Amino acid sequence: MNVHRPAAERRDADAFFARISTDPLADAFSGRMGAHAHGGGMAVPPEEVAGLWHGLTAAPRTGPSVAYVHVPFCENRCLFCGFYQNPWRRELGAPYVDAVLAQLEAGARTAAQQGHPLRAVYLGGGTPTALAARDIARLVEGVHRHLPLAPDCEITLEGRIVSFGLEKARAAFDAGVNRISLGVQTFDDGVRRRMGRKSTRAETVRFLEGLMRLDRGAVVIDLIYGLPGQDRATFQEDVRLAAALGLDGLDLYSLKSIPGTPLMMAQDKGKLAVAAPGELGHFYADGAAEMDRAGWEAISTTHWRQGTRERSLYNFEVKAGAHCLAFGAGAGGNLQGHGFRIVPDLDTYRERAANGGAGLVAGLIRPSPLGPAHAAIKAGMERGRLVFAPVDRALASCGVGGGFEPLAAPLLAQWQRAGLLTGHSMSVALTLAGRFWQVAMTARLIAWTDLRLSEAENEAHRRVTA
C-alpha cells in the first residue's frame, strides 16, 4: 500500500479542527476544506480505458450492489441545479428509452451484470417523470428483464410533480417501481415563484395526497432550506406540512451555491439573496425538531422516515461503497472500486448503445488504495454514528494494522470539545451540530486518516533508509 500524497495536498491540523464556540451550528467550520472527501483515485489514461473496462465487466461481481439509470432531460432548469444537461422534448423520450434498453440488453451478457443480486435501482436525472407513461413502464420492465434484482429490491423513480400525474404513477407502480422520490423543495407559493416552480402549494399537496391514497409504494420528498425569500418560520411550516401528509420519507437539504447555476448568477447580480451560511445550521435544527415532534425516525443525517415502508437503500449503499452499475447518457457508477461515467452526448450514446455498447464508457478512475476505509467512514458518518470496527476491518483489508481509533483520536477528541460528537472507545455519535456538519466532517476525517497514514509510511521509510 502507498498512501503518499504530494506536499501541496497536506494541511496542518488547524484545517481539520473545528472552531470552539457557543454556537457550533453556526460556525464550527469556515469552509477551509472542500465539501466532499478527496477520493484519492487516479484517472485512467484514455488509451487504457477500453481494455480495463473489458476486464472489469468480465469479472464476477460480488458484494453489495445497486444500479443507476439516468434520464438526462429537464422540462426547465431549477435555479439551484448544477446538473442540468438537456432540455426536454417529447419526441426524445421513446428513442432514448430504446437506447437504454439496448445498453441493458448488451450488458446482460457480461459477468458483472449477471452477478450478485441488486439491492436497489434508482431511476434519476434529470427528470425521469417527464417520460410518457408507456416509456416509464418500458424502462422499468427492462430493468426487471435484464438485471439480477433481489426479491426485495428497492426501485425508485425520481421526478417532479409537474407533468407527472397519477396515471404515470400507476404505470410506474404496475411496472415494478416501489418507491417515488419527488423534489418539492418548498410548499410556500412565494418562494416557489422565486425559484421558478410551476405548480402551486395547493396543487402540490393535492397530488401528494392522491399519490398516498394509491398506497402502492414508498413516497418520499425533498425540502431545501436557505432558499431566497425563505425564513425559518416558512421552513418550519414546510416541514410541519410534509410531516402531516402521511408521507413515508422526507429529506432536508441545505441550499448549495454552485458556480454557474442561474441562482448563483442572480446572487452575483444582487437579484436574489439566500440565507447567510451562519443561519443554515439553525434551519436544520428547526427541521430536525419538527421531525422529532412529529415522531419521525432519523435514518441518516438528512433523511427521516415515518413507518417501515421507506428504506432509502440506494442512497446509503452508494455512499457505503457498493458496486453501482450505470445506464444512460452521462450516468456514473462504480465497479470493483473503479469509478466510471457513460458518454454524456445523446447522439453518441444512442449510436453506441444500438451497436452493442462498445465505447460507452467515457472515462475511468482507479480506486484509492484506502477506498474501503473511506467507504466505511462515509457509511458510519452518513448514519450519524461511526463505529470503529468496520473501519478497522477495512483498513486491515488495505494492509494497514493498528486500528482506526489511534489514528483518529486527536481529531475526534477536538471535535468532541467543539460540541460536534460524543463517544467512547468503540464508536462516536454525532450531535445535532455534528449531523448538520456531517459532510464537511467526513471530508476532514478521510483526509486526516490519509495524512496520518502517509506520515507514518514516510517515517518508516526514512528509518529504513537512514
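This is a predicted model: local features need pLDDT of at least 70, side-chain atom pairs count only at pLDDT 80 or more; totals for chains, interfaces and linings use all residues.
**Exercise 1. Decide whether I299 is buried or exposed, and list what I299 touches.**

Step 1. The position of I299 is the loop between β9 (297–298) and β10 (303–305).

Step 2. With a relative accessible area of 10%, I299 is buried.

Step 3. Not counting residues up to four places away in sequence, I299 touches R305, R311, S312 and R383.

Step 4. From I299 to G115 the distance is 29 Å, C-alpha to C-alpha, and the two are 184 residues apart in sequence.

**Exercise 2. Place Q306 in the chain and classify its accessibility.**

Step 1. Q306 belongs to the loop between β10 and α12 (313–319).

Step 2. Its relative accessible area is 30%.

Step 3. Residues up to four places away in sequence are not counted; beyond them, Q306 touches A243, G246, L247, D248 and W296.

Step 4. For Q306 and M291, which are 15 residues apart along the chain, the C-alpha atoms are separated by 9.5 Å.

**Exercise 3. Find how helices α3 and α5 are arranged, and name the residues that meet.**

Step 1. Helix α3 spans residues 93–107 and helix α5 spans residues 133–146.

Step 2. The two helices pack at an angle of about 0°, and their axes are 10 Å apart.

Step 3. Angles under 35 degrees count as roughly parallel, and therefore α3 and α5 are roughly parallel to each other.

Step 4. On the α3 side, the residues that meet α5 are G93, A94, V97, D98, V100, L101, L104 and E105. On the α5 side, they are D135, R138, L139, G142, V143, R145 and H146.

Step 5. Sorted by class, this contact of α3 with α5 has seven nonpolar, three polar and five charged residues.

**Exercise 4. Describe the backbone at G126, Q185 and D215.**

Step 1. Begin with G126, in the loop between β4 (118–125) and α5. The peptide bond that leads from G125 to G126 is cis, and its omega is near 20°.

Step 2. Turn to Q185, in strand β6, residues 179–185. Phi of Q185 is near 70°, which is a positive value in a residue other than glycine. Q185 counts as buried, at 10% relative accessibility.

Step 3. End with D215, in the loop between α8 (201–214) and β7 (218–225). D215 is not a glycine, yet its phi is positive, at about 55°.

**Exercise 5. Count the cavities and describe the lining of the largest cavity.**

Step 1. The count of cavities of 30 Å³ or more comes to one.

Step 2. The largest cavity has a volume of about 40 Å³.

Step 3. Its lining consists of R160, I161, V162, G183, V184, R192, R197, S199 and T204.

Step 4. By class, the lining of the largest cavity divides into three nonpolar, three polar and three charged residues.

**Exercise 6. Describe the second largest pocket, and state which element gives the most to its lining.**

Step 1. The volume of the second largest pocket is about 490 Å³.

Step 2. This pocket is lined by 24 residues. Those nearest its centre are W53, T57, G107, T110 and G357.

Step 3. Two or more residues of the lining come from each of α2 (46–58), α3, α4 (111–114), β11 (323–327) and β13 (338–342).

Step 4. With five residues, α2 gives the most to the lining of the second largest pocket.

Step 5. The lining of the second largest pocket has 14 nonpolar, nine polar and one charged residues.

Notes:
Residues are numbered from 1 along each chain as its sequence is written. Side-chain values use heavy atoms; hydrogens and water are left out. Axes are lines fitted to C-alpha atoms, for helices over the stretch in contact, and angles run from 0 to 180 degrees between N-to-C directions. Helices (H or I, at least four residues) and strands (E, at least two) are DSSP runs, numbered from the N terminus. Angles under 35 degrees count as roughly parallel, over 145 as roughly antiparallel, 65 to 115 as roughly perpendicular and the rest as oblique. Contact means heavy atoms within 4.5 Å. Ala, Val, Leu, Ile, Met, Phe, Trp, Tyr, Cys and Pro count as nonpolar, Asp, Glu, Lys and Arg as charged, and the others, Gly among them, as polar. Buried means under 20% relative accessible area, exposed over 50%, partly exposed in between (1.4 Å probe, protein chains only). On a 1 Å grid over the protein atoms alone, a cavity is a set of points where a 1.4 Å probe fits but cannot get out, and a pocket is an open set with protein on both sides within 12 Å along at least five of seven lines; lining residues have an atom within 4 Å of a point. Grid points are joined across faces, edges and corners, and a volume is the space filled by probe spheres set on the points.
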